[in-house]
Amino acid sequence: MSGNVDEEEANVTHTGPKGVINDWRRFKLESMDQESLPPQKRELLRQMSSPHRPKDDGRGGLNRKMSVQEYELIKEDDEKCMKKYRKQCMQEMHERLSFGPKFEGVYELDSGEAFLEVIEKEHRLTVVVVHIYKEGIKGCDALNSCLDCLATEYTSVKFCRIDAGVTGAGERFTDDVLPTMLVYKAGELLGNFLATNQHFNEEFFATDVEAFLNGYGLLPEKDLVVGGEEEEAAVDVEAVE
């Protein structure tokens, strides 16, 4: 029985400072090439990764302090390993917090049927933003570019565009109401913005459209960034002494 408990504990991701330390120790052990290490260093890594010990071990178990040897060891070659650990943490957090499907880019709808289908059949938790445009109409090209940018940052949102001429309702989407931006969720119309460019300055950018939609509470939280410089926002285990 105790063997099963130990095995289960080894697979648990802990929270709090002590949990982060122990997860980092375990990750460090698993990431290093064990065969290339001297026996003494290999044994030290094994000890670092096993905070749950019997009480008579005499080394403090979970509450023991990091020794000078351990500190020197984790300093060696840490930058690369730390980035991998942060990336893994961010990916796990992203998976826990993400709901519904993910999308890439802006989807071009080629008919009124495709328009209705994306509204009615998309996942109930997915926000759908549809830009109705027409070539040559002021603001349409700029809004298309803005949505292209936002689609990379809000992958849980389905961004679409459709030419007014193929919607099957061209009489409703006349030039004076374009560009039009419609926002749906679970088949319900949440936002109906006619002549959207009138809400912005002559020249507008993705951040302006983002702020506009956020002002109506229509965008979810921005995606967590995994990789690159923004990994610095991840759990900081470097402060552990």
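Mentor: We shall proceed from the overall composition to the sheet, and then to one residue. Please bear in mind that this is a predicted model.

Trainee: How many helices and strands are there in the protein?

Mentor: One begins by listing the elements in sequence order. Here the protein has 8 helices and 5 strands, and their pattern along the sequence is α-α-α-α-α-β-α-β-α-β-β-β-α. Of the 241 residues, 41% are buried.

Trainee: In what order do the strands form the sheet?

Mentor: Strand order is read from the pairing of the strands. The 5 strands make an open sheet, ordered S1-S3-S2-S4-S5, with mixed pairing. S1 (106-109) and S5 each have a single partner strand and stand at the edges, so one side of each has no neighbour in the sheet. On average, neighbouring strands are turned by 25 degrees against each other, direction ignored.

Trainee: In which sense do S2 and S4 pair?

Mentor: S2 (residues 127-133) and S4 (residues 180-185) are antiparallel, paired over 6 bridges. Within this pair, valine 129 has valine 183 in S4 as its bridge partner. Helix H8 packs on the sheet, where it touches S4 and S5; the direction of H8 makes about 50 degrees with that of S4.

Trainee: Why does asparagine 197 count as buried?

Mentor: The criterion is a relative accessibility under 20%. Asparagine 197 counts as buried because its value is 17%. This residue lies in the loop between strand S5 (188-193) and helix H8 (206-215). Beyond its neighbours within four places in sequence, asparagine 197 contacts Lys138, Gly139, Leu178, Pro179 and Phe204.

Key:
Residues are numbered from 1 along each chain as its sequence is written. This is a predicted model: local features need pLDDT of at least 70, side-chain atom pairs count only at pLDDT 80 or more; totals for chains, interfaces and linings use all residues. Side-chain values use heavy atoms; hydrogens and water are left out. Helices (H or I, at least four residues) and strands (E, at least two) are DSSP runs, numbered from the N terminus. Buried means under 20% relative accessible area, exposed over 50%, partly exposed in between (1.4 Å probe, protein chains only). Contact means heavy atoms within 4.5 Å. Two strands pair if DSSP finds at least two bridges between them. Axes are lines fitted to C-alpha atoms, for helices over the stretch in contact, and angles run from 0 to 180 degrees between N-to-C directions.
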